[in-house]
Amino acid sequence: MGVKVFDIFSLGHFLAGGLSFILLKTLKLPLSINFIFANGIHLILEYLENNISPSGKILESNINHLSDIILFLFGWFLSYLFNLYKYYIKLPKFIKSFLLIIISYIIFEEIIREIYPYIDA
């Protein structure tokens, strides 16, 4: 959430894109379904975000929405291009669990910010 092209959440979108590819690949989804599901869900979340807080403060600009979408897509694509999944499967189970917790936290935090947009205002 921000009015600039990039903000602190931009890195989170990039990392979430990469992690989403890896974690959906663990479900053995076809590549096209992985792409559509990960990026489609993210696109819907961006579309549904509150741009203005209840107090009238601008929380997020259209250019920030666009950069978030592009960075998520770029993270997903790089994860696919460099086949980061092959490194993921070699990780110890506790690190895999930690990565799952990270992506779950990012999704949960994004949804909470939409339910309570005035927290950031």
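The structure is a predicted model, in which local features need pLDDT of at least 70 and side-chain atom pairs count only at pLDDT 80 or more, while totals for chains, interfaces and linings use all residues. Residues are numbered from 1 along each chain as its sequence is written, and side-chain values use heavy atoms, with hydrogens and water left out.

Along the principal axes, the C-alpha atoms fill a box of roughly 50 × 25 × 20 Å. The chain contains five helices and zero strands, giving the pattern α-α-α-α-α along the sequence. Helices (H or I, at least four residues) and strands (E, at least two) are DSSP runs, numbered from the N terminus. Of the contacts with a separation of 6 or more, 77% join residues 24 or more positions apart; contact means heavy atoms within 4.5 Å.

The accessible surface of the chain comes to about 7700 Å², and carbon and sulfur atoms hold 77% of this area. Accessible areas come from the Shrake-Rupley method with a 1.4 Å probe; for residues, only the protein chains shown count as cover. Buried residues form 33% of the 121 residues, where buried means under 20% relative accessible area, exposed over 50%, and partly exposed in between (1.4 Å probe, protein chains only).

The largest nonpolar core has 13 residues, and those with the most contacts inside it are Phe21, Ile22, Ala38, Tyr85, Tyr88 and Ile103. Two or more residues are given to this core by each of α1, α3 (62–81), α4 (85–88) and α5 (93–115). Helix α1 provides the largest share, six residues. A nonpolar core is a set of buried Ala, Val, Leu, Ile, Met, Phe, Trp, Tyr and Cys residues joined through side-chain atoms within 4.5 Å.

Leucine 23 lies in helix α1 (residues 8–25) and is buried, because its relative accessible area is 12%. Leaving aside neighbours within four places in sequence, leucine 23 is in contact with Tyr88, Leu99, Leu100 and Ile103. With the same exclusion of neighbours within four places, tyrosine 88 is in contact with Ile22, Leu23, Thr26, Lys96 and Leu99. The C-alpha atoms of leucine 23 and leucine 43, 20 residues apart along the chain, are separated by 18 Å.
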